[in-house]
2 protein chains.
Amino acid sequence: MEFYLTVESITIFKLKVGSIMANIQQVAEKAGVSAATVSRVLNNVSSVSSKTRLKVEHAIKELNYEPSMLGRNLRNSESRLLLVLIPSISNPFYTEIIKGIETIAIANHYNILLCATDSNAERDNIYFNMVKNKLADGIISMDPTINRQKLNELAEKHPIILCSEYEEGGSIPYVTIDHKLAAYHAVKHLIKLGNKKIALINSDETYLYARQRREGYERALQEFNLPIRKEWIYHTEHLEFEHGVHAMRRLLQVNERPTAVFAVSDTLAIGALKEINVNGLHVPNDIAVVGFDKITFSNMTNPTLTTVAQPMYKMGCTAANMLINRIKGNQVESIVLDHELVIRESTMG
Amino acid sequence: MEFYLTVESITIFKLKVGSIMANIQQVAEKAGVSAATVSRVLNNVSSVSSKTRLKVEHAIKELNYEPSMLGRNLRNSESRLLLVLIPSISNPFYTEIIKGIETIAIANHYNILLCATDSNAERDNIYFNMVKNKLADGIISMDPTINRQKLNELAEKHPIILCSEYEEGGSIPYVTIDHKLAAYHAVKHLIKLGNKKIALINSDETYLYARQRREGYERALQEFNLPIRKEWIYHTEHLEFEHGVHAMRRLLQVNERPTAVFAVSDTLAIGALKEINVNGLHVPNDIAVVGFDKITFSNMTNPTLTTVAQPMYKMGCTAANMLINRIKGNQVESIVLDHELVIRESTMG
DNA sequence: CCCTTAAATGTAATCCGTTACTTCCATTCT
DNA sequence: AGAATGGAAGTAACGGATTACATTTAAGGG
């Protein structure tokens with residue numbers, strides 16, 4: 001009896017699965033053609049007569065058929081999935097880039113797998129395996145904390161593009177801006193406004209962009225014969241708001257208080273704004289502030305934040321195009337995009 | 001000559017592809033066993049002798065073999081991918097939820113496909129097809145603008161969970177909070193502070209949560225015998241900052257100016273804050289403000305924002321667990337989680 | 001009316017792993 | 001020693017679509 005029940009339930013299950021989705025074979029039978037012909041119709045191969053095409057299309061509608069990506073992908077050994085690696089979803093810097101990537105991806109019939117590594121090496125491994133496993137066709141990495149060596153190894157056999165963060169002299173193609181020049185412009189702007197004591201809130205200099213932005217900061221100061229003072233350079237471990245608050249608190253305690261601050265990210269700059277406000281000082285009259293990235297919220301603060309805009313949407317588009325080209329087997333060249341200084345209230349007296 | 005070159009390049013390509021990744025057959029040959037045995041080793045099936053297991057594991061290492069997800073998924077007809085639908089990546093409300101989903105997903109050997117619909121029906125279709133196509137095993141939808149009818153149809157044959165936004169009396173399981181009660185608490189808080197003229201910045205009431213939050217707002221006012229005045233209720237089409245600014249501008253022009261504002265999202269509330277500041281008024285002394293969602297930035301504004309916290313991380317975890325259960329074929333029940341009023345500077349005199 | 005040729009369609013192999021079923025072999029029991 | 005039992009491994013079908021190659025069909029030329 002028990003055995004009978006089991007058999008029945010299996011039958012029901014099979015029936016249900018069958019009803020969920022027809023396969024190409026069933027469509028072929030219904031249309032009275034071979035599976036090959038159905039496949040040709042699906043892929044718009046020219047050599048199908050219009051009569052047959054119509055029959056097949058009719059059968060497809062009738063059966064509510066949708067081709068299985070799994071079968072197709074196995075055969076074509078592609079997944080049409082792009083892996084996008086970011087350090088953390090909560091960082092607004094990435095949102096526009098991702099939009100760019102997504103737009104290009106969809107236009108090329110790809111989809112994106114957005115993955116936050118949270119600077120977790122285990123996650124890295126999972127995601128790297130997805131490419132090895134053919135579950136993704138390529139990677140756009142925006143994670144500066146990623147394991148370089150493993151990434152390079154992977155890049156030998158799989159398409160990878162770096163976005164924003166890259167490796168100097170490395171072999172993996174990248175899209176980025178000229179961080180040094182961008183920082184130079186930002187600081188020069190502060191100098192032109194008459195500031196002579198300019199502080200830098202930088203992040204961890206293990207990251208290339210942090211080193212480059214400091215170089216730009218120093219270059220601007222040198223060019224105008226302003227002193228580079230250690231007390232005015234503060235390094236934060238992370239880019240979050242709280243670290244900006246903390247950095248600014250320290251900078252306000254320095255003997256000779258700076259009259260301007262350049263922070264290497266908007267979230268840091270917004271933290272600085274807050275701390276300056278809390279201390280009863282005025283931005284920009286007492287201290288001017290410049291951020292970096294032009295995240296959405298940089299426009300919502302009070303005062304609004306002067307910041308260096310990276311062409312994020314374009315960066316995303318470019319990275320996606322490069323990756324898709326790479327997947328097609330083409331050679332691609334690294335690209336440096338232009339930045340733009342967006343002057344707003346935090347530097348307008 | 002040209003022909004020769006072409007042939008050669010094809011050969012090279014083929015060789016390269018071959019070298020990229022061994023398949024189960026090659027591993028089997030190397031280990032001197034059948035593919036079935038290799039598969040058993042991979043899947044930890046008990047009936048493999050330790051000698052054979054060792055041989056196979058050795059061969060796997062030697063060939064640097066990684067099983068292809070495509071083959072495996074086709075056979076098992078699962079993709080181990082969860083589709084997460086959000087209206088827009090740039091909305092910070094979703095970040096914590098996504099983290100929760102991701103954590104649970106990874107713990108269960110799933111990965112997430114994060115997809116922004118940007119309220120674009122075409123995109124909806126693409127994503128729905130991914131499930132029909134077996135490219136994803138199920139959907140967590142957080143998009144209130146999604147096509148209800150299509151979603152319901154899809155839900156008949158595929159696992160779907162709604163997160164935050166749901167359908168009253170619908171058949172799709174959901175996770176949410178009690179929006180009405182949450183709004184009631186927020187407004188009651190404003191009343192307890194002595195406010196008698198309380199404005200509401202609501203979003204489009206085609207969304208269930210918007211209707212429910214207004215009900216909560218009205219219930220609180222009624223309970224304390226305060227008037228519900230039309231001029232104090234403003235509807236915005238979207239949730240962005242600018243709409244909050246605009247709404248507040250209007251509310252400040254009303255004859256009898258409200259002394260407090262409850263906005264149904266933090267971004268709207270932050271817009272309101274900004275506009276109040278711009279008009280030389282003080283928060284909370286002139287006008288108190290309460291938001292909704294407790295997004296990261298609600299803590300970075302000046303003053304910091306009092307807001308209703310949804311348990312976003314937990315919501316994400318819950319939704320993911322529900323979906324995975326659904327995929328396993330289990331029945332799941334809808335869940336209503338607790339909210340919390342976070343009192344900060346924008347209501348603390 | 002037959003032959004050539006091209007277009008249209010079918011056949012079958014292939015992509016890669018999983019698993020029900022079968023076979024083989026070695027214990028253990030009588 | 002021969003049968004019964006069970007453990008270990010192999011065989012082959014399967015999942016769904018694609019495509020090189022083979023075959024059929026129809027049209028055009030002589």
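**The interface between chains A and B**

In this predicted model, chain B and chain A each put 57 residues into the contact (heavy atoms within 4.5 Å). Between them the two chains bury about 4,900 Å², with 63% of it on carbon and sulfur atoms; buried area here is the accessible area (1.4 Å probe) lost by two parts on being put together, summed over both. On the chain B side, the residues that lose the most area to chain A are B:L70, B:I89 and B:F297, together 14% of what that side buries.

Six salt bridges link chain B and chain A (a side-chain nitrogen of Lys or Arg within 4 Å of a carboxyl oxygen of Asp or Glu). One of them pairs B:E345 with A:K274, whose closest N and O atoms sit 3.7 Å apart. As for the make-up of the chain B side that touches chain A, its residues split into 26 nonpolar, 19 polar and 12 charged, with Ala, Val, Leu, Ile, Met, Phe, Trp, Tyr, Cys and Pro taken as nonpolar, Asp, Glu, Lys and Arg as charged, and the others, Gly among them, as polar.

Residues count from 1 along each chain as its sequence is written, chains are lettered from A in the order written, and side-chain values use heavy atoms, without hydrogens or water. Local features need pLDDT of at least 70 and side-chain atom pairs 80 or more, whereas totals for chains, interfaces and linings use all residues.
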